[in-house]
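Student: Could we go through this structure together, starting with the terms?

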Amino acid sequence: MSDRGGIFAGDDPFAIARSWLAQAEGTEVNDPNAIALATVDAEGLPNVRMVLLKDIEADAFVFYTNYESAKAQEIEGAGKAAFVLHWKSLRRQIRVRGVVSREEGPQADEYYASRSLKSRLGAWASQQSRPLSSRLALMAEVAKVTAEHGPNPKRPPFWGGYRIRPLEIEFWADGAFRLHDRFRWQRSNLLHDWHIQRLNP
Ligand SMILES: Cc1cc2nc3c(=O)[nH]c(=O)nc-3n(C[C@H](O)[C@H](O)[C@H](O)COP(=O)(O)O)c2cc1C
């Protein structure tokens with residue numbers, strides 16, 4: 001790819017994503033790692049919500065959530081998800097579409113343990129996505145799990161990570177007069193090499 005350089009340089013899309021995120025950490029007001037995560041339900045109706053991207057690995061993006069939540073059910077049903085990262089301060093976006101698997105081993109334990117005690121207990125207390133009668137009922141649940149699990153709670157079995165392995169990653173940067181730069185990395189399956197193309201804005 002002859003005319004790909006600057007912020008798009010290099011052939012490893014995960015390295016580019018890491019580098020853009022590191023830059024956004026210096027420019028965004030908050031949550032530079034917030035992603036809009038898209039899933040699709042059993043009827044094919046799309047759904048989207050923000051989550052925090054916690055890891056960019058050699059071949060995957062990782063976030064954490066409740067395995068009984070709406071998003072988890074949609075992910076488990078389809079086996080696929082997409083997300084977008086958008087940084088207003090940099091005027092850039094990264095779009096990812098891929099296949100999803102759970103991260104519920106030692107890595108999830110380690111991330112869970114790194115969170116504040118209140119967040120760890122909150123994960124136990126929240127039946128994420130299910131109806132809740134009142135704020136008071138949630139606080140009562142927090143008190144209950146605090147008594148049950150004490151100061152060093154284990155990771156709940158219903159809470160952990162998801163790893164998105166991309167089939168497509170697109171990097172977009174704002175250009176003058178809406179003539180933006182777009183480059184897409186694409187592979188037909190996870191074992192294939194990336195095919196890189198510049199796209200029309
Ligand atoms: C900036 C931001 C970050 C969030 N991060 C997470 C997250 O990492 N994990 C999570 O489960 N929910 C996170 N949430 C809450 C989700 O957007 C959502 O409300 C919740 O996960 C339930 O979604 P669901 O019912 O579609 O499963 C975040 C919300 C915002 C606004």
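Tutor: A residue is buried if 20 or more other C-beta atoms lie within 10 Å of its own, exposed if 12 or fewer, and partly exposed in between, with C-beta atoms placed from the backbone. The model is predicted, so local features need pLDDT of at least 70 and side-chain atom pairs count only at pLDDT 80 or more, while totals for chains, interfaces and linings use all residues. Residues are numbered from 1 along each chain as its sequence is written.

Student: Is Leu179 buried or exposed, then?

Tutor: Leu179 counts as exposed because it has 9 C-beta neighbours inside 10 Å. Leu179 sits in the loop between strand 6 and strand 7; strands are DSSP runs of E of at least two residues, helices are runs of H or I of at least four, and both are numbered from the N terminus.

Student: And what about Arg115?

Tutor: Arg115 has 14 C-beta neighbours inside 10 Å, so Arg115 counts as partly exposed. Its place is the loop between helix 3 (106-114) and helix 4 (117-125).

Student: New topic: which residues of helix 1 are buried?

Tutor: Pro13, Ile16, Trp20 and Ala24 are buried in helix 1. They cover an arc of only 75 degrees around the axis, which puts them on the same side of helix 1; the arc is that of the directions from the helix axis to the C-beta atoms.

Student: Why would spaced residues point the same way?

Tutor: An α-helix has 3.6 residues a turn, so residues three or four places apart point the same way.

Student: Which residues are exposed on the other side of helix 1?

Tutor: Those are Ala22 and Glu25.
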